[in-house]
Every structure is written in structure tokens, then in C-alpha cells.
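Visitor: I am new to reading protein models, and I would like to go through this one slowly. Could you take my questions one at a time?

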Amino acid sequence: MTHAPPPETSSRFDFSELEARDRYKLLIGSVVPRPIAWVTTLSTSGVPNAAPYSFFNCLSADPAIVAIGVEYRSDKTFKDTAQNIRDTEQFTVNICDHSTLEQMNITAIAFPPETDELTEADLTLVPGEFTDVPRIAEAPVSFECRRYITLNIGLSRDIVLGQVLGMWARPGLVNERLHVDATQLDALGRMGGHAYCRSNATFDLPTPSPEQWAQMQTKIREDAQ
């Protein structure tokens, strides 16, 4: 078993002494891979919007809750995603796979407000069934969500918790036991900087029961004799 180095040889970083940008670099380089929420929303006038966020994860299954962190613009105003969620109480999280990498990246461009990034990315929208928000047809998985609660984190960002009302999956992706095929999903993960990774290289590591662990230790001692 490989052990961490003793404390005296570890690099120390006091976050109270670091600028926000430096804290950001350390966090996004260490908390990896981060799943990507490709969020679609609708404005009050019915204009769709799509944007990717890597401060994202699922937090609960009962109720089914996902969380996304949406940073404010540099002038501290809300981005379209945050504003639309506040106005409509709805959003859809689309999972981005390797086949949609380039299209996802296009929707991350800071286009002017009059630009339709969905058209620029050549994406197909499918009307929502559980909400009014459309999902991205090219995405392998989509979760239609209703806003559960929004946490305001200082002047930096909103953390939005959404309750999943329904899920859509590409045909053949989910089996009869409701297991998702990770290799076929081929979801993207966000690393530090501009780096990404893919989820199609996986391995299994079951957690042993206390009884199995005891048996393993007994065998190790016996083999060492």
C-alpha cells in the first residue's frame, strides 16, 4: 500500500493568504475529474440558452438532487443560466460525451447576447416533458430539473440545487437493471486548465464486508509465515 508523504514534506497552502484566482487553480487542478453539466434554460420570453459548467455533481437520490455552481459575470451580474433559472425555476442538465465535445466548447464561447449559441453549435433541441425547458438531442443523457434552492455564495457565484423530475437516455445506454454503460456513455470530465478526460477507461473495485476484510488479513498473515 502506498502512503502519503509525512506532513513535514508536504507543500502547504493557506487559502486565507491566497488570491481567489490562485485558490481556483489549486481546486480545479486537484478536484478532478469533474463532471460537466451542459445546462439548457429558457428566458421568460422563451429564448433558449446552453452553457457548460464543471462545478457540478449529484448530491442525493431521495430526493434526486443535482447541484451546479454558476459564476457571476465580471461586473457581478447574473449569467443567462442563473437569471433564467431564477425567473423560470427550471433547467435541464445534459451530459456531454466525447462526440459532443466540440459543440459543448462552442456554447462556452462568450458570444454577445444576440448570438444564438445553439445554432452556432448546430445543436438540436427537443421540447421538455417534465419541464418547459428543452434538452439537447445530441446529449447521451439529460435530466429535467426544477429549482430546489439557490445558495448565494458571496459576490462570486450561485450554487443551484435542482430536483430531477425526469431523465432521458440514449437507446441502449441503460440496461434492464437500470445500470448505465460507462463505456458507451463516454462522458467527459474536466481537469485543470483546458484539459479534459474521458470516462470510458474504468475498473471495478468492490468494497469488502468486514468479514471479507478479516479473511483477507488472515490470509496475508498466513502467507507471511
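Guide: Gladly, and please keep in mind throughout that this is a predicted model.

Visitor: Which residue stands opposite Pro 48 in β3?

Guide: Strand β3 covers residues 48-53, and strand β2, which covers residues 37-42, pairs with β3 in the antiparallel sense over 6 bridges. The hairpin of these two strands has 5 residues between them, and in this hairpin Gly 46 takes a positive phi near 90°. The residue that stands opposite Pro 48 is Leu 42.

Visitor: Is strand β3 largely enclosed or largely open?

Guide: A residue counts as buried when its relative accessible area is under 20%. Because 5 of the 6 residues of β3 are buried, the rest of the structure leaves this strand largely enclosed.

Visitor: Is Leu 27 buried, partly exposed or exposed?

Guide: Leu 27 is found in helix α1, which spans residues 20-30, and together with Phe 13, Phe 15 and Val 31 it forms a nonpolar patch on the surface, with about 370 Å² of accessible area together. Buried means under 20% relative accessible area and exposed means over 50%. Because its relative accessible area is 43%, Leu 27 is partly exposed.

Visitor: Which element gives the most to the lining of the second largest pocket?

Guide: The second largest pocket has a volume of about 610 Å³, and it is lined by 28 residues, with Pro 35, Cys 58, Ile 95, Phe 143 and Leu 185 lying nearest its centre. Elements that each supply at least two residues of this lining include β1, β4, β5 and α5. The element that gives the most, with 5 residues, is β4.

Notes. Residues numbered from 1 in each chain as written. Predicted model: local features only at pLDDT ≥ 70, side-chain atom pairs only at ≥ 80, totals over all residues. Heavy atoms only, no water. Patch = residues over 30% accessible without salt bridge, like charges linked within 9 Å, V, L, I, M, F, W, Y side chains within 5 Å. Areas by Shrake-Rupley, 256 points an atom, 1.4 Å probe, with all protein chains shown as cover. Salt bridge = Lys/Arg side-chain N within 4 Å of Asp/Glu carboxyl O. Helix = DSSP H or I, 4+ residues; strand = E, 2+ residues; numbered from the N terminus. Buried < 20%, exposed > 50% of the residue type's maximum accessible area, 1.4 Å probe, protein only. Pairing = 2+ DSSP bridges. 1 Å grid on protein atoms, 1.4 Å probe; cavity = no way out; pocket = protein on both sides within 12 Å on 5 of 7 lines; lining within 4 Å. Points joined across faces, edges and corners; volume = space filled by probe spheres on them.
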